[in-house]
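Please open the model in a viewer and keep the selection tool at hand.

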Amino acid sequence: MATNRTFTMIKPDAVENGHIGGILNMITEAGFKIVSLKLTQLTVADAQKFYSVHSERPFFGELVEFMTRGPIVAAILEKDNAVEAFRTLIGATNPADAAEGTIRKKYAKSIGENAVHGSDSDENAAIESAFHFAGREQF
Ligand code: CMP
């Protein structure tokens with residue numbers, strides 16, 4: 001079932017480089033409504049849990065270290081067919097493969113430090129949203 005919400009994080013690389021405003025602007029210009037938003041920082045335990053599906057991957061340690069090194073922006077976004085529409089907006093995981101006009105084409109540096117996260121399914125969007133936001137923070 002396609003739902004109209006997805007979850008995103010603006011990752012530490014993009015926050016460090018001052019791109020929160022630019023990325024949120026691309027998101028809202030693309031027609032997404034922000035229904036939850038916060039600046040926060042993941043602990044190592046948070047990042048290990050959030051990315052547990054990748055725990056056996058060779059890059060897992062690097063991923064946890066990167067995602068915990070500074071603040072992130074977490075948000076829930078609303079739009080028709082949100083998960084797929086947002087993955088189109090952010091572009092390929094590896095910015096070298098990201099299409100023109102995507103967030104990763106503009107702001108990401110590498111496959112590891114790729115500026116933004118977007119949920120890959122409706123089920124994960126719901127899990128990831130609940131990981132970061134209480135019900136009263138979801139508008
Ligand atoms: P994200 O969409 O947040 O989901 C998993 C993350 O793992 C991905 O973005 C990248 O940041 C990271 N990742 C995926 N592949 C690699 C890789 N080959 N090397 C380092 N990090 C990776």
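**Around helix H4**

The helices (H or I, at least four residues) and strands (E, at least two) are DSSP runs, numbered from the N terminus.

The model is a predicted one, in which local features need pLDDT of at least 70 and side-chain atom pairs count only at pLDDT 80 or more, whereas totals for chains, interfaces and linings use all residues. Residues are numbered from 1 along each chain as its sequence is written, and side-chain values use heavy atoms, with hydrogens and water left out.

Now select H4 itself, residues 60-67, where Phe 60, Leu 63, Val 64, Phe 66 and Met 67 are buried. These residues lie on the same side of H4, because they cover an arc of only 165 degrees around the axis; the arc is that of the directions from the helix axis to the C-beta atoms. Glu 62 and Glu 65, on the other side of H4, are exposed. Buried means under 20% relative accessible area, exposed over 50%, and partly exposed in between (1.4 Å probe, protein chains only). Gly 61 also belongs to H4 and is partly exposed, at a relative accessible area of 46%.

Next, display the strands. Four of them form an open sheet in the order E2-E3-E1-E4, with antiparallel pairing. Strand E2 (33-40) and strand E4 (116-118) are at the edges with a single partner strand each, so one side of each has no neighbour in the sheet. Two strands count as paired if DSSP finds at least two bridges between them.

Select E3, residues 72-78, which is joined to E2 by seven bridges in an antiparallel arrangement. Within this pair, Ser 36 has Ile 76 of E3 as its bridge partner. E3 is also antiparallel to E1, with six bridges between them, and Thr 8 stands opposite Ala 75 in E3. Six of the seven residues of E3 are buried, so the strand is largely enclosed by the rest of the structure.

**Helix H2**

Move to helix H2, residues 20-29, and colour its buried residues: Ile 23, Leu 24, Met 26 and Ile 27. They line one face of the helix, because they fall within an arc of 155 degrees when seen down the axis of H2. After H2 comes Gly 31, with a positive phi near 95 degrees.

**The ligand**

Finally, centre the view on the ligand. Which residues surround the ligand? Those within 4 Å, counted from any heavy atom of the residue, include Lys 11, Tyr 51, His 54, Phe 59, Arg 104, Gly 112, Asn 114 and His 117. Glu 62 and Leu 63 are also among them.

- 3.4 Å to an N or O atom in the side chain of Arg 104
- 3.1 Å to a polar backbone atom of Gly 112
- 3.3 Å to an N or O atom in the side chain of Asn 114

Key. Polar contact = N/O pair within 3.5 Å; in protein donor to acceptor, adjacent residues only side chain to side chain.
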